Amino acid sequence: MTSVDNYFEDFRVGDVYDHPRGRTIDNNDNLWITHVTMNTAQAHFNLDYMQHMMDGIFSERLVMGAVTVAMVVGLTSEDMSENAFMDQGLSAIRLSTPVYRDDTLYASSEVLEVRDSDERPDAGVVVYRFTGRKTDGSQVVQGERTLLVKRRSHWAADDGHGNEGRS
């Protein structure tokens, strides 16, 4: 069951979403994804190395950038991609502030583009900018995500919805 208010027809350029959930990053998130992707940068998994690197300016392992991106994109998903068929791209990703274990991340999104799909009449393309911040408001990541999103006019009945939602 998907939401009634995040079909293609519901998105407008300039819409801003402050996603309600936050996510606290723990060592398991960072270490598991770092190791399963075979990342060899010790800054992500070797605490002793981190505490001595660059004259000890880091007291903790850095969370791998891919973990930060994945968590923030995940925080946007309920509002932005619950009715998506597929991701068409991630671009313009900038990691601006280090993330450490026990940092809690929050996300916001701004719709940049809404257009018809050339390939599918039952879907449209939505491009949005996602921004991730720590509890103190410091920005940790920003990027753009392009999605192929279901049209209410073709999918609402199959999804168990009438014509509810914004049109």
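Predicted model: local features only at pLDDT ≥ 70, side-chain atom pairs only at ≥ 80, totals over all residues.
Is Asn30 buried or exposed?

Residues are numbered from 1 along each chain as its sequence is written, and side-chain values use heavy atoms, leaving out hydrogens and water.

Back to the opening question. Asn30 counts as buried because its relative accessibility is 1%; buried means under 20% relative accessible area, exposed over 50%, and partly exposed in between, with a 1.4 Å probe and protein chains only. Asn30 belongs to helix H1, residues 27–36. Helices here are DSSP runs of H or I with at least four residues, strands are runs of E with at least two, and both are numbered from the N terminus. Setting aside neighbours within four places in sequence, Asn30 is in contact (heavy atoms within 4.5 Å) with His44, Arg61, Leu62, Val63, Met64 and Val67.

Now the overall picture. The protein chain has four helices and five strands, and along the sequence they run β-α-α-α-β-β-β-β-α. Its C-alpha atoms fill a box of roughly 60 × 30 × 25 Å along the principal axes. Of the 167 residues, 42% count as buried. If we take contacts between residues at least 6 apart in sequence, 72% of them join residues at least 24 apart.

Next, the rings. How many aromatic pairs does a search of the whole structure find? The answer is one. Phe11 and Tyr17 form that pair, and it is tilted, with 6.1 Å centre to centre and 55° between the planes. For the cut-offs, rings of Phe, Tyr and Trp (its six-membered ring) pair if their centres lie within 6.5 Å, with planes under 30 degrees apart called stacked, over 60 edge-to-face, and the rest tilted. Both Phe11 and Tyr17 are buried.

Let's move on to Phe58, in the loop between helix H2 (47–52) and helix H3 (65–80). Phe58 counts as buried because its relative accessible area is 13%.

Thanks, everyone; happy to take questions!
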